[in-house]
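This briefing is meant for a reader who is meeting the structure for the first time. Please keep the sequence and the 3D view at hand while reading.

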Amino acid sequence: MTLPVDTTGALRVGPAILAANTGDGPLNELMFVVKDLFAVAGHHTAAGSPERLTDAFLAAANAQVIDRLLAHGATLIGITHQDELAYSLMGQNARFPNPTNPRAPGSITGGSSSGSAAAVAAGMVPFSLGTDTGGSIRVPASYCGVASIRPTHGRVSMDGVVPLAPSLDTVGWFADTAQRLTQVANVLLDGEAVKQTFHTVRVPRDILKLVSDDVAAVTRTYAAKVAATLGVPLDDAPLASSGQLDAYAAAFVTVQGFEIWQSYGPWITATNPTLGPGTAQRLHAASNVTKEQATQASAVRNACTQDVTAYLDSALMLLPGAVSRAPKTTLNDDDQLVLRQRLLQLTSPPGLAGVPCVTVDVTPHESYPIGVSFVGPANTDEVLLDLVSQLAAVVL
């Protein structure tokens, strides 16, 4: 087996055979890499923090999803860089080197699954594992021009994966093609698939108000082609029944912050680790979220879930994968904060509702990417994957 070269700086460990395949199957001869949240036997699970490169975080066994991939023929060759503690969407880590974006030179990869997206975009591996809590699969997939899936919450094991906000966390993956997404899905997805026929394609106009003009135009044009191909109507009904996208994003931040402090607070309090400024600021805010605030935010989350569920009744929702093309790496801290707030308004509704999102690049390969996410009801992951594969020829 000839190992690839890491041309993007995507890997913290590798390329090297970290875990060879243990069986034969549909993933034979395929190499993959994993985000630095997945336990890899004999290696540190650093979560993007050099403070965790200690014996306390040395994994004795692989995460369950890794063992499943190995049993079906795949070989693990690397652990990727990510945002610090997975608590960002920028793909920028003050403590480790940042991967470069092969499809958008001089631009950020997006995060927090930055290295996993970059590795696939560079052609280093055909697929990689990441996680998505608030957009950490969808945003880098859109910025780096690769296919990805954020599965229905609970359909993929999180055993052996460092938690961030458990009620929102999902294992997801990036791939070089939509068909490859399905190959991996056939190995990793648990639970019963739900059949669904889509009678409408919907692109919510309140969501499109959040994004740049070029992303909005591309999403509308692509959605029209998808609707025409499927022979169904296209509409732009708003997603939030009472204009509550900002409230949904705020609820997401509160729920996430409360759960993050439950996950990381004891370690941070005990060890006082050095943190990058952005991570430190967000963790300080998370430490101040009260249980009462989290409970109130959960009620807003329930309202969001009801809106999303009603919106997806017999409808396929198409959303931009991100609010703009990948911004330049020179983006300053204030602009990063504004961008993160806009991104969370876009990514929060599917995340709060726990529904599947399959994201694909819809632009010509020579241009800076724009991703579009296919969103369906809970447990329609397989339907979305099949649909995206069928629509692979539908491009701008």
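At what angle do helix H9 and helix H10 pack, and how many Å apart are their axes? In this predicted model, helix H9, which covers residues 291-311, packs against helix H10, which covers residues 333-353, at an angle of about 95 degrees, and their axes are 8 Å apart. Because angles of 65 to 115 degrees count as roughly perpendicular, H9 and H10 are described as roughly perpendicular to each other.

**Helix packing**

- On the H9 side of the contact stand Arg301, Cys304, Thr305 and Val308, and the residues of H10 that they meet are Pro349, Gly351, Leu352 and Ala353.
- Helix H7 contributes Gly257, Ile260, Trp261 and Ile268 to the contact, while helix H8 contributes Leu283, Ala286 and Ser287.
- In the contact of H7 with H8, five residues are nonpolar, two are polar and none is charged.

**Salt bridges**

- Side chains of opposite charge can pair when their charged atoms come close.
- A search of the whole structure finds 13 salt bridges, and the side chains of Asp36 and Arg12 meet in a salt bridge with a distance of 2.9 Å from N to O.
- Since Asp36 lies in the loop between E2 and helix H1 (64-71), whereas Arg12 belongs to strand E1, the pair ties together parts that are 24 residues apart in sequence.

**Backbone features in other loops**

- The peptide bond from Gly111 to Ser112 is likewise cis, with omega near 10 degrees, and Ser112 is found in the loop between strand E3 (75-80) and helix H2 (114-121).
- Ala47, although it is not a glycine, has a positive phi of about 55 degrees, and this residue is located in the loop between E2 and H1.

How values were computed: Residues are numbered from 1 along each chain as its sequence is written. This is a predicted model: local features need pLDDT of at least 70, side-chain atom pairs count only at pLDDT 80 or more; totals for chains, interfaces and linings use all residues. Side-chain values use heavy atoms; hydrogens and water are left out. Contact means heavy atoms within 4.5 Å. Helices (H or I, at least four residues) and strands (E, at least two) are DSSP runs, numbered from the N terminus. Ala, Val, Leu, Ile, Met, Phe, Trp, Tyr, Cys and Pro count as nonpolar, Asp, Glu, Lys and Arg as charged, and the others, Gly among them, as polar. A salt bridge is a side-chain nitrogen of Lys or Arg within 4 Å of a carboxyl oxygen of Asp or Glu. Axes are lines fitted to C-alpha atoms, for helices over the stretch in contact, and angles run from 0 to 180 degrees between N-to-C directions. Angles under 35 degrees count as roughly parallel, over 145 as roughly antiparallel, 65 to 115 as roughly perpendicular and the rest as oblique.
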